[in-house]
Structure formats: C-alpha cells, structure tokens
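Student: Could you take me through one part of this model in detail? I would like a close look at the place where the two chains meet.

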Amino acid sequence: MADLSVKVGDISLQNPVMPASGCFAIEYQEALDLSRLGALVIKSVSPKSRAGNPTPRVAETHGGMLNSIGIPSKGLDYYRREVLPAYTAFGTPVVVSISADTVDEFADACAEMSLPEVAVIEANISCPNLEADGMAFAMSPDTTYKVVSAIRGRTKHPFWVKLTPNASNIAAVAKAAEEAGADAIVMGNTILGMAIDVRTRKPKLGNVMGGLSGPAIKPIALRLVHQCYRAVRVPIIGCGGISSAEDAIEFMLAGASAVQVGTASFLDPGIMSKIIDGLQAYCVEMGVSHLRELTGQVKLDRQLTDRWLRFAQQSG
Amino acid sequence: MADLSVKVGDISLQNPVMPASGCFAIEYQEALDLSRLGALVIKSVSPKSRAGNPTPRVAETHGGMLNSIGIPSKGLDYYRREVLPAYTAFGTPVVVSISADTVDEFADACAEMSLPEVAVIEANISCPNLEADGMAFAMSPDTTYKVVSAIRGRTKHPFWVKLTPNASNIAAVAKAAEEAGADAIVMGNTILGMAIDVRTRKPKLGNVMGGLSGPAIKPIALRLVHQCYRAVRVPIIGCGGISSAEDAIEFMLAGASAVQVGTASFLDPGIMSKIIDGLQAYCVEMGVSHLRELTGQVKLDRQLTDRWLRFAQQSG
Amino acid sequence: MESSVCAAPFAATVATHRCEVAEHRWVNSRYRYLRLESTADLAGTTRSGQFYQLRCPTTNALQPFLLRPMSVYGVGPASGSIEFLYNVTGVGTASLATLEVGSSMEIVGPLGNTFEFDPSFKRVMVVARGVGLATMAPLLRDAGQAGVAVTALMSARSPGDLMRDEFLRGVEADVHSVFDSDGSSAVENVEKLLRELIERQQPDVVYTCGSHRLLMLLQRVLADFPQVRGEVAMEQRMACGMGVCLSCVRMFDTPTGKHFKRVCREGPVFPIREVVGEVEFG
Amino acid sequence: MESSVCAAPFAATVATHRCEVAEHRWVNSRYRYLRLESTADLAGTTRSGQFYQLRCPTTNALQPFLLRPMSVYGVGPASGSIEFLYNVTGVGTASLATLEVGSSMEIVGPLGNTFEFDPSFKRVMVVARGVGLATMAPLLRDAGQAGVAVTALMSARSPGDLMRDEFLRGVEADVHSVFDSDGSSAVENVEKLLRELIERQQPDVVYTCGSHRLLMLLQRVLADFPQVRGEVAMEQRMACGMGVCLSCVRMFDTPTGKHFKRVCREGPVFPIREVVGEVEFG
Ligand SMILES: Cc1cc2nc3c(=O)[nH]c(=O)nc-3n(C[C@H](O)[C@H](O)[C@H](O)COP(=O)(O)OP(=O)(O)OC[C@H]3O[C@@H](n4cnc5c(N)ncnc54)[C@H](O)[C@@H]3O)c2cc1C
Ligand SMILES: Cc1cc2nc3c(=O)[nH]c(=O)nc-3n(C[C@H](O)[C@H](O)[C@H](O)COP(=O)(O)OP(=O)(O)OC[C@H]3O[C@@H](n4cnc5c(N)ncnc54)[C@H](O)[C@@H]3O)c2cc1C
Ligand SMILES: Cc1cc2nc3c(=O)[nH]c(=O)nc-3n(C[C@H](O)[C@H](O)[C@H](O)COP(=O)(O)O)c2cc1C
Ligand SMILES: Cc1cc2nc3c(=O)[nH]c(=O)nc-3n(C[C@H](O)[C@H](O)[C@H](O)COP(=O)(O)O)c2cc1C
Ligand code: FES
Ligand code: FES
C-alpha cells in the first residue's frame with residue numbers, strides 16, 4: 001500500500017482527490033463514500049441572493065460541456081444554517097467556496113464563513129458567468145492582488161484562491177495571489193465558450209456564453225498548473241478535465257499537490273472513489289511509496305532545446 | 001443551388017471554406033480539388049531560417065491534438081522561389097501567412113511578400129510556440145496595434161491578422177487590429193497546452209508545451225469569434241475545431257464571414273470538399289439562398305436576461 | 001467493540017450498473033424498445049416514475065458526452081431486468097439505437113422521485129402523449145396489480161404512432177385515443193373529453209407526461225375538480241441527474257411560494273397544480 | 001470545345017476508403033492480423049513499403065483522435081483487399097483490436113514512398129524484427145514473383161514471437177533466426193552473421209524495418225560493402241501522413257548535406273546510409 005496522503009500548505013489530506021466546486025453536493029453520498037475523499041468542496045455561495053442564470057444551463061460539446069449555472073444563492077445565513085451542516089459529518093475537511101461581486105463583499109463573506117467546522121475557504125475569483133463577457137477578478141494580477149489581500153486581512157483560515165484559465169498571463173496572476181497571502185492556488189475554473197444550434201440559430205445556453213469543462217480542456221488546465229508551479233511556491237490544486245487516476249497523476253507531475261474532479265462526476269457519480277483506487281494501483285505498479293513525492297516531477301530535459309538546435313543546425 | 005460565395009473585405013471567395021495555415025500544403029492536391037476551395041492558405045513562413053521544434057512535435061488529446069511544430073523556414077527567397085509557385089496555378093486566391101520575431105521583421109516580410117500572385121497577406125501574430133511561455137504580439141492590444149500598423153504601412157495588399165485565443169481581452173485586441181488597419185481578423189490560432197506521459201513522466205511534446213487544436217477547442221474559438229464580431233466591423237474568419245458544415249455554419253452565425261479548417265484535414269484530407277458540399281445541402285434544407293447572409297445571424301434574445309430576472313424574482 | 005457507525009460499510013444506493021443488451025428493436029418508425037440485464041437488483045430498487053441516466057455508446061460518427069436521462073419503462077420479472085422506450089431524436093439516442101444485442105452499456109440510477117400511487121385508489125387516469133407513455137407504463141402495472149381501475153387518454157399524431165399495446169402491456173383500461181391526423185386531439189375536444197371522464201369516473205388522481213399542451217390543459221381542468229390530485233413527470237436538460245449541478249431547475253408554485261426545483265431530484269414528478277407555465281428561456 | 005485542362009475532372013489519388021472488416025484475428029499474443037475489403041482498387045494502387053492511416057474505432061473506453069499509420073502487410077488477390085499486421089500497444093491499436101468482422105472502418109491512403117525493388121536483382125536480403133516484418137512482407141512477395149532469391153534474417157524475443165510463416169507467406173527464403181531468449185540476437189552475433197551472409201551471398205540490397213539497433217548495425221556493416229544498397233522503413237509520430245503538417249521529420253545525411261525529411265512523404269523508406277543516428281529528442 002502506497003501512502004496517498006498529501007499536504008496542501010498546513011492541511012493534511014488523506015489523499016489528493018476532492019470534488020470541484022459546483023460539481024458536488026451532499027446528494028453524492030448516495031453514490032460515494034464521502035469519508036474516503038481528500039476534502040469536500042461545496043458549490044460556491046455568494047452573500048447576495050441570486051437565482052442563477054436562465055435555462056438551458058448546460059450544453060454538451062465535443063469532449064466536454066458548457067455550463068452557465070451561475071451561482072444561485074440564498075445568502076450566507078441560509079447557507080450556514082441549511083447547507084453547510086450536512087457536509088461536516090464525514091470527518092473529511094470541508095472547503096467552503098465563496099463568490100462575490102466586490103472586494104469588500106468577498107472579504108466580508110470569507111470572514112463570516114471562517115467557522116470552526118470549515119477547514120478551508122476557497123475564493124472563486126474566477127467564475128466567468130457573472131461578469132460581463134467573462135471578466136473576473138482573476139483576469140488580472142492587479143485585481144487578484146486586491147481581492148486576495150483583502151480576504152487575507154480578514155481570515156486566519158487556510159485560504160485557497162481559484163484562478164481562471166481565461167487570464168492570459170497566469171504566472172503573474174498566480175504570483176499576485178501568492179504575494180497577497182493566499183495559502184494555495186486552485187488552477188482552474190472553466191474556460192469561456194459558446195455553442196449555437198444551427199437549426200434554430202439560437203445559442204445552446206440561455207445565457208449565450210458559459211464555461212467549458214471536461215476532458216477537452218485538460219491540456220490547457222495542465223499547462224496552466226505547470227506555469228503556476230514554475231511561478232509560485234505555494235501549493236497548487238489542479239483542476240480541469242480530470243477523469244481518471246492517470247489524469248490526476250499527470251496534474252501532480254505538472255506541479256499539483258492535490259486535484260479537483262468536476263465534470264467527470266456527472267458521467268459517473270462514483271468516479272472519485274475509482275480515481276483514488278487507481279492512484280493506489282498506479283503507485284504499486286510504478287513503485288511509488290509516497291504519492292505526494294510526484295508533485296512537480298515531470299522530467300524536463302533543460303538541455304533538450306539546446307541539443308536540438310545544435311543538432312538542427314547541421315541541416316542545410 | 002444556393003450561392004455560397006462570400007466577401008472578406010474587398011475579396012470575393014467562391015465559398016467560405018479555406019484551410020488553416022500549417023494544416024495545408026500542396027500535397028493535398030492528391031486528395032482534394034484545390035480549385036474548389038475558397039482560398040489556399042499556406043503554412044507560415046518566417047524571414048529567418050529556422051529548423052522548427054524538437055520532435056515529437058504532435059500528441060493527441062481528448063478531442064484534439066497538441067502541436068509544437070514551430071515555423072520551420074528557409075527564408076523568404078526560398079519560399080518565393082520553391083514554395084509559392086505550386087499554389088498559384090489553381091485560380092484560387094492564395095493567402096501567404098507570415099510569422100516574424102520583431103515588428104520591423106514583420107513589416108519587411110509582409111512588404112516583400114506582397115506579390116501580384118499573392119491575393120492576401122495573413123500575419124500570424126499569435127503563434128504560441130515561438131515566444132517564451134506562449135507570449136506573442138497578439139497577447140495585448142498594444143503590441144497588436146504596433147505590429148499591425150507597421151505592416152499596414154508597408155503593404156497595400158489585403159491583409160488579415162491572425163489572433164490568439166490565449167489573449168484574455170480579445171475584444172480590445174481585435175479593436176487594436178482594426179484601428180491599425182487590418183482588413184480582416186482570423187480568429188484564431190491554437191491554445192497553449194501540455195501533456196505528460198504518466199509512465200515515462202516526460203512531456204509528450206519535445207517542446208514541452210504546444211498548441212491545442214481540434215473539436216475540443218471549438219466552443220472557445222466560437223466564443224472568441226462572437227466577441228470579435230461584437231467589437232469590430234472588419235470581417236472575421238473563424239478558425240478552431242471546425243470539422244463539418246454544421247461547424248462552419250455555427251461560426252458564420254456567430255459572426256464569421258469565412259472559415260478556416262485545420263486539424264480536421266489530418267483526419268480526412270478530403271474534408272474541405274465535404275464541408276463545401278454540406279454547406280450547399282444545409283442551405284437547400286434550410287431555404288438559405290445566399291450563404292453569406294448567415295454571418296452574425298445567431299438569434300440573440302436581448303430581453304431574455306431581463307425576462308428571466310423578472311421571472312426568477314418571483315421565487316422565494 | 002467497534003462503533004457501529006464507523007463500521008457500517010458504505011453502500012451506494014445510486015450506482016453505475018454495467019448491463020447487457022438483451023433485447024433492442026423498433027416499436028414503430030421513431031421509437032425503440034430496449035431491455036437490459038444487469039446483476040444488480042434493479043427491479044427491487046426502482047419505482048414508478050424514476051429514471052436512469054444512460055451512457056450512450058460512443059462511435060466514430062456519434063460521440064455524446066453527457067449521459068441521457070430516460071424514464072424506466074419497466075422492470076422485471078428478473079431482478080436485473082430493466083426496460084426503456086425511447087424516441088430517436090439527436091446524437092445520444094441515435095448512438096443508442098446502434099447498440100447490438102449482446103453488447104454492454106452502463107446506466108446510472110435509480111434517480112428521481114416517484115409517482116404517488118396508493119393501492120387503495122379506486123381509479124387512476126393517465127393522460128399520455130408520445131414518449132410520455134414510457135414514463136407512465138410502470139404506473140399502469142402498479143394499478144393493474146392493485147386492482148385499481150385505469151382510464152387512459154392517449155394522444156398521438158396518428159393511429160400508427162399510438163403504441164397502445166406498448167402502453168397498456170396487458171393491463172385493462174378504459175382507453176380513449178385522440179389524433180392529430182383526424183383533428184380529435186384539438187384542445188377543445190380533449191378538454192371536453194377530459195371533463196366528461198373526470199366528472200363521470202371521479203378518478204383519485206390524474207397522471208400525465210409527454211406534452212406541455214396537455215399539461216397546461218390539465219392544470220386548467222383540474223382547477224374545477226379540487227378533489228382530484230394531479231401529477232406530471234417533467235423534463236429538463238440535465239448534467240448530473242442527481243441534484244448536484246443545478247442545471248435542471250424549473251419554477252414551481254408551491255404552498256410556500258414560488259421556488260426553483262431540480263427536475264432530477266425534487267422531480268421528475270411534480271403536482272400538476274404547482275407547475276408554472278413558464279415562458280421558454282433560451 | 002472545352003479546354004481539356006478545365007474539363008479534366010479531379011481524381012484523388014489519396015482518399016478515405018470505407019472498408020469492411022473481412023478477417024481479424026490474433027497471430028500470437030501481441031500481434032493481430034486484419035484484412036479489409038473495399039470497393040476501391042487498393043491492390044492496384046498500393047506498392048511495397050507504402051502505408052495507410054487507419055481511423056481506429058471510437059468506443060466509450062478508447063477514443064483515439066489522430067489516425068494511426070500502418071504499413072501495408074499485403075494486398076489482393078481481390079482488388080479491394082488489403083491486409084495489416086499490427087502490435088497492440090496503446091489506445092489506437094487497442095481500439096482497433098475490438099473491431100468485429102463485418103463492421104466497417106475507414107483508411108486513408110496509399111501514403112508514402114516505396115522500397116526500390118528491381119526485378120533484375122539476383123538476391124535481396126531482409127533484416128526484420130517485430131512488426132517490421134509487416135512492412136517488408138510485400139517485398140518478399142515481389143521478390144518471389146520476380147524469381148529473386150531472398151535471404152531473411154529474423155530477430156525476435158523468443159521463437160514464439162517470430163512469425164516466420166506470417167513473414168514468408170510461402171515465399172522461399174534462406175532464413176536465419178536469432179532470439180533474445182537464447183542470446184543469439186546479441187549485436188556481436190548478428191553482426192558476424194550479417195557480414196558472413198553478405199560476403200557470401202552478395203545481395204543487391206538489404207532492406208530492414210522494426211529495430212533501431214539493427215538499423216544502426218546495418219549502417220555500420222554496409223559501410224564495408226559499398227556495392228550493396230540498403231533501405232530502411234522508418235517510423236515517426238504523425239498527424240497528417242501526407243507531408244502537410246511537418247510533425248514527422250527526421251534528419252538524413254544526403255549527398256547534398258544534412259536535411260530534415262518527412263517520414264510520411266520522402267519516406268517511410270530511406271537509404272540506410274543516410275539515416276542520422278540521432279539522439280532521441282523528447
Ligand atoms: C427525467 C427524464 C425522463 C425521460 N424519459 C424519456 C423516455 O423514457 N424516453 C425518451 O425517448 N425520452 C425521454 N426523455 C427525453 C430524453 O432524455 C431526450 O430525448 C434525450 O436526452 C435526447 O438526447 P439526444 O442526444 O438524442 O438529443 P440531442 O438533442 O442531441 O441532445 C442534446 C442534449 O440535450 C439534452 N436533451 C435533449 N432533449 C431533451 C429532453 N427532452 N429532456 C432532457 N434533456 C434533453 C440531451 O440529454 C443532451 O444533453 C426523458 C427526459 C428526462 C429529463
Ligand atoms: C509508416 C509507419 C508504418 C507503421 N506500420 C506499422 C505496422 O505495420 N504494424 C504496427 O503494429 N505498427 C506500425 N507502425 C507503428 C504504429 O503506427 C504505432 O504502433 C501506432 O500508431 C500506435 O498507436 P497506439 O494508439 O496503439 O499507441 P499510443 O502510444 O497510444 O499512440 C499515441 C500516439 O503516438 C503515435 N505512435 C505511437 N507509437 C508510434 C510509432 N511507433 N510510430 C509512429 N507513431 C506512433 C500514435 O500514432 C498516436 O498518435 C507504423 C508506424 C509508421 C510511422
Ligand atoms: C455545472 C458546473 C458548475 C460549476 N460551479 C462552480 C462554482 O460554483 N464555483 C466554482 O468555483 N467553480 C464552479 N465550476 C467549475 C468547476 O469547479 C471546475 O473548475 C471546472 O468545471 C473544471 O473542472 P472539470 O473539467 O473537472 O469539470 C462549475 C463547473 C460546472 C461544470
Ligand atoms: C500542425 C499544425 C501546424 C500549424 N501551423 C501553423 C502556422 O504555421 N501558422 C499559423 O498561423 N497557424 C498554424 N497552426 C494553427 C492552425 O492554423 C489553426 O489556427 C488551429 O489549428 C486551430 O484550428 P483547427 O482546430 O481547425 O486546427 C497550426 C496548427 C497545427 C495543428
Ligand atoms: S441534473 Fe444536475 S441538478 Fe438536476
Ligand atoms: S505526418 Fe504530417 S508531414 Fe508527415
């Protein structure tokens with residue numbers, strides 16, 4: 001038996017597999033032993049009440065799906081009273097994901113949710129559905145720094161910040177998050193996309209645009225994780241298209257300390273259990289005794305480009 | 001028979017279907033009647049000689065592929081003498097794609113290639129493989145404006161600029177390109193990605209990172225086309241994951257005047273012919289007499305969000 | 001002694017079941033019948049009105065990504081036997097239609113709530129159109145077994161589309177059929193028929209599925225028969241099918257006010273009276 | 001009269017061919033034999049050394065994206081008949097292995113150049129290991145038909161892996177086998193054998209495929225036999241298979257200097273002497 005436990009900053013997890021926010025809820029206890037997971041990440045909540053976006057809210061694409069759920073919310077009181085308690089009974093660390101419209105709202109909400117029964121605050125500063133054309137805090141280092149430091153000033157809880165693949169310079173954004181005091185980076189959210197029904201000519205989502213997730217985006221998410229890994233020292237939690245143990249390993253090799261599984265659960269609500277089993281099998285097969293030692297262990301051959309160039313130079 | 005002809009600025013094309021640069025070469029004349037295509041877009045050439053990137057240069061992903069070919073080039077003289085002539089014999093407009101390292105090099109190269117036998121210059125200001133971590137001119141409105149206006153100053157040829165999906169604020173980049181005088185926007189190139197072999201732990205590409213293309217990225221490319229369409233008045237050529245007539249229609253509805261087909265040709269070298277046939281079939285089925293009238297005709301219900309909000313407000 | 005809470009091994013009530021295709025054929029030109037066999041006790045755990053999510057096969061031409069929700073058309077007699085009846089409309093159902101007998105496929109479930117049926121009912125009325133009959137067929141069986149009388153109002157494009165035998169499956173019922181082809185399915189006509197039947201037969205409950213128009217009509221008619229309950233099985237685009245993703249919401253007008261509910265979880269069966277005849281969005 | 005240039009209808013020489021799986025079975029525990037039938041004249045248009053790109057089937061578990069290059073193992077006797085012999089290694093070949101007789105699949109080709117074979121040769125020598133024999137089998141047939149003598153040096157892990165009959169297919173040859181299992185495939189041993197055979201038999205040409213080690217060895221050995229030509233069929237990751245994408249390049253040391261060449265287009269067959277024993281990249 002390999003040791004699957006990992007550390008994300010000061011938090012120890014029995015294994016690196018946790019759900020991605022919005023792709024998990026207590027109902028999965030019917031399909032999954034929630035006490036087996038590394039952590040339980042709940043759907044984002046916003047302090048403001050919202051209904052969410054118009055239906056249809058999902059559409060499938062090649063190897064993935066678009067969603068424009070939005071963040072339906074009944075506010076923090078309701079959440080604390082009616083939502084949170086169900087998740088705290090499994091002995092598994094609970095991660096509360098917060099979404100908000102302004103820096104102050106974010107900071108207030110994170111402070112308010114820094115409860116003893118909550119292990120981690122995850123700030124979803126990247127949801128592409130709520131701002132015009134997908135703009136979000138995490139689109140620029142600036143706004144990332146502002147919102148993260150404001151939150152940091154208000155909570156002593158472990159605090160992760162979830163970035164968006166839509167940002168063009170992820171290393172700078174990740175560095176801003178690190179400097180502003182985030183304990184870890186979740187990389188990342190969905191990528192803004194769109195689909196049109198060519199018979200009706202209508203957008204397939206009521207909201208016109210939505211977030212792309214699933215295996216289709218895996219190579220992009222993996223690249224972002226690796227770029228973050230090269231840019232910062234805080235741990236990274238990989239997310240985007242993970243649907244097998246091999247995918248999880250790939251993210252760890254690229255630099256992730258843990259992973260989040262989103263869309264894959266919709267195709268098999270028991271997938272996270274299978275991924276954990278698969279990690280164990282991989283470690284046994286490959287002779288890995290401590291899974292956490294794989295983080296960042298992609299074999300990069302730093303001389304390769306030089307060697308190639310010298311080699312190629314011979315050609316006429 | 002529907003009229004499939006389209007206009008891209010001042011250029012008329014017999015139909016909107018053309019290859020994407022780097023996914024087409026004269027060898028396809030063995031599989032495809034090149035005189036049927038809307039235009040012939042040749043692999044990018046750079047003024048500097050280059051060998052291209054180390055092998056392996058391609059890796060498949062879910063619903064797509066990564067490539068890190070780079071732009072192997074023997075310079076413009078060689079290109080003009082040995083490459084170009086083969087393409088100019090089909091009566092189909094020839095598009096020369098240029099890649100370069102600096103603004104001046106770009107402007108010089110575009111000027112030099114503004115030859116009578118060349119119908120259009122396409123400036124590939126977005127290739128993610130050549131600059132560190134995928135940075136390219138098209139990543140920011142600034143550098144886009146600079147390079148496009150420099151090129152515009154040096155050529156009277158129709159001149160298209162190819163943008164990158166890696167840019168975070170595409171509307172601003174597109175506007176910069178328009179203001180700087182581009183005649184059309186090609187949206188877009190590949191998205192930077194990465195893949196790791198979990199057995200060998202090595203990156204699947206010699207170059208570590210590469211560009212993701214194919215159906216997996218279609219929803220992202222489509223969204224970008226629509227964002228460009230809302231931002232600028234110059235025509236847009238859609239590109240990214242198109243592999244069927246329906247896909248081409250989807251891009252036109254989102255705002256494209258023409259489309260480029262890349263990766264799909266690798267899976268079926270005759271696909272562009274089939275797409276053209278499929279466009280005709282779609283027009284007949286849907287009663288469309290002039291294909292070009294579909295550009296931008298996605299049915300957006302501007303009141304939908306308001307209606308939804310009013311509707312949703314009733315809920316407690 | 002170990003604490004019994006900790007020691008209780010986890011047992012999933014919703015699971016992915018690998019099944020073998022035991023029977024698969026066209027019922028008419030648009031609908032197909034599919035029977036699967038699994039080693040799990042699907043018959044014992046699945047109730048009338050529930051649905052499964054089907055992992056449709058992936059082929060070179062058809063690559064559905066999400067699972068497809070399908071009502072259970074029947075279960076048993078073998079405990080691992082489950083039946084579906086489906087309309088071939090898009091990518092997923094087209095790929096489903098390619099499944100050969102003997103091949104395997106996965107289904108996730110059982111999902112959703114159930115029709116409320118009470119064996120002490122005297123008479124139930126079912127109002128079905130199209131594939132809605134697949135959803136309600138198990139109810140007819142429940143009624144037949146409990147000796148509850150059944151009135152069936154069936155609506156179809158034409159007599160060839162009716163699937164009367166597929167619906168009744170041997171259960172005796174007072175069947176009334178209306179068709180688009182002869183105009184008998186026109187709203188005024190159906191309304192008259194419904195009112196007559198309800199007035200005369202006084203069913204305990206009216207169930208419906210498969211037509212928004214019939215649903216809206218029933219809501220109006222039932223307003224005049226407060227003693228008759230009404231239930232409808234609804235549809236909505238789904239991703240997770242388990243109440244997790246919030247994609248499948250619709251608004252309902254409940255005794256505590258208007259609320260969004262998840263069709264996959266609080267539904268698919270809802271009181272007819274609570275349906276909000278929402279304008280379509282998107 | 002129309003201009004004949006304009007009127008000439010376009011005829012593809014490379015095309016996607018829809019084929020039916022006519023035969024498909026294991027040859028041993030790792031290799032499978034596949035015979036396809038199409039309506040096109042594949043036998044008439046395909047030459048020794050060429051390859052096709054196969055669209056491997058898409059299943060729920062295996063979803064290869066790119067086509068897979070495969071050498072033609074044989075064509076005919078029917079004009080639409082084509083054969084492949086493949087090693088089940090990864091996603092694509094695993095999905096290929098699931099294809100049932102009677103199902104259909106698409107292949108794109110013929111692609112690439114051919115071995116240079118001259119019926120006036122006296123003797124050819126083939127040095128094969130693993131799946132390399134699939135690529136060279138058509139050559140043996142050419143030689144057999146032309147009455148050219150054949151020497152075959154076959155290398156394999158063990159006698160069970162040799163596939164001697166699959167390679168020769170009835171063509172008479174002077175066969176020499178070496179194995180890893182008994183150490184006879186060691187480089188020194190094979191080098192000795194090669195030198196002896198070439199010295200004694202003076203083949204016009206040596207062909208090889210399937211082993212980089214054997215290729216490098218042959219390059220060294222042939223340096224001492226300038227009158228003997230040498231050809232090798234190479235492999236490289238491919239996307240387009242037609243010379244378009246530039247993914248499949250390798251460097252070759254030609255009379256005009258070192259150049260990158262496309263394995264799919266200038267190859268897959270190259271002069272053994274021109275191969276650059278490049279370090280592996282990536
Ligand atoms: C609870 C429930 C029970 C159902 N029971 C049956 C049944 O017994 N028999 C039957 O024929 N059909 C049933 N349907 C409808 C069935 O799910 C759709 O016909 C099917 O999903 C269409 O898939 P497609 O790929 O063929 O169509 P496409 O149009 O290609 O599907 C595209 C996407 O839209 C979704 N979608 C399309 N139509 C519907 C719909 N009406 N409802 C929900 N999602 C839809 C698909 O699931 C998919 O995600 C049921 C739907 C629900 C929600
Ligand atoms: C011209 C040519 C002829 C070939 N002929 C044969 C043959 O007759 N029989 C046979 O068994 N094999 C042959 N091969 C090798 C065969 O193409 C690979 O074994 C096959 O592509 C592996 O695919 P996979 O999905 O099973 O493996 P995976 O490792 O899952 O493939 C992943 C990717 O790598 C590529 N790849 C993997 N191995 C190779 C390889 N050795 N060469 C090129 N690309 C590779 C695949 O095409 C795919 O794109 C030939 C290769 C070439 C280039
Ligand atoms: C239906 C759905 C709802 C989501 N809701 C949220 C959310 O509320 N908060 C959040 O941070 N991310 C949300 N996400 C993004 C996921 O957490 C995840 O980052 C993304 O889906 C990529 O991972 P995947 O490819 O594994 O799904 C949602 C994704 C989906 C598909
Ligand atoms: C192998 C390969 C090589 C490419 N080379 C170039 C290039 O030289 N210049 C360029 O502008 N784009 C290049 N591209 C990008 C394509 O032109 C196209 O923008 C991209 O692949 C997205 O379209 P697709 O999904 O249809 O392939 C290349 C893409 C591939 C896959
Ligand atoms: S389908 Fe996910 S909540 Fe209903
Ligand atoms: S595979 Fe594309 S050039 Fe060889």
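**Where chain B meets chain A**

Tutor: Happy to. In this predicted model, the contact draws 60 residues from chain B and 60 residues from chain A. Between them the two chains bury about 5,000 Å², and carbon and sulfur atoms account for 64% of that area. Three residues stand out on the chain B side: B:Arg199, B:Arg201 and B:Trp308 supply 14% of the area that chain B buries against chain A, more than any other three residues.

B:Arg199 turns up again when we look at charges. It forms a salt bridge with A:Glu285, where the closest N and O atoms are 2.5 Å apart. The count between chain B and chain A is four salt bridges.

Now for the elements involved. On chain B, strands E11 (191-194) and E12 (209-213) each supply at least two residues of the side that touches chain A, and so do helices H5 (218-231), H6 (245-254), H8 (271-286) and H9 (304-313). The largest share, seven residues, comes from H5(B). Sorted by class, this side of chain B has 32 nonpolar, 15 polar and 13 charged residues.

Methods: Residues are numbered from 1 along each chain as its sequence is written. Chains are lettered from A and ligands numbered from 1 in the order in which they are written. This is a predicted model: local features need pLDDT of at least 70, side-chain atom pairs count only at pLDDT 80 or more; totals for chains, interfaces and linings use all residues. Side-chain values use heavy atoms; hydrogens and water are left out. Contact means heavy atoms within 4.5 Å. Buried area is the accessible area (1.4 Å probe) that two parts lose on being put together, summed over both. A salt bridge is a side-chain nitrogen of Lys or Arg within 4 Å of a carboxyl oxygen of Asp or Glu. Helices (H or I, at least four residues) and strands (E, at least two) are DSSP runs, numbered from the N terminus. Ala, Val, Leu, Ile, Met, Phe, Trp, Tyr, Cys and Pro count as nonpolar, Asp, Glu, Lys and Arg as charged, and the others, Gly among them, as polar.
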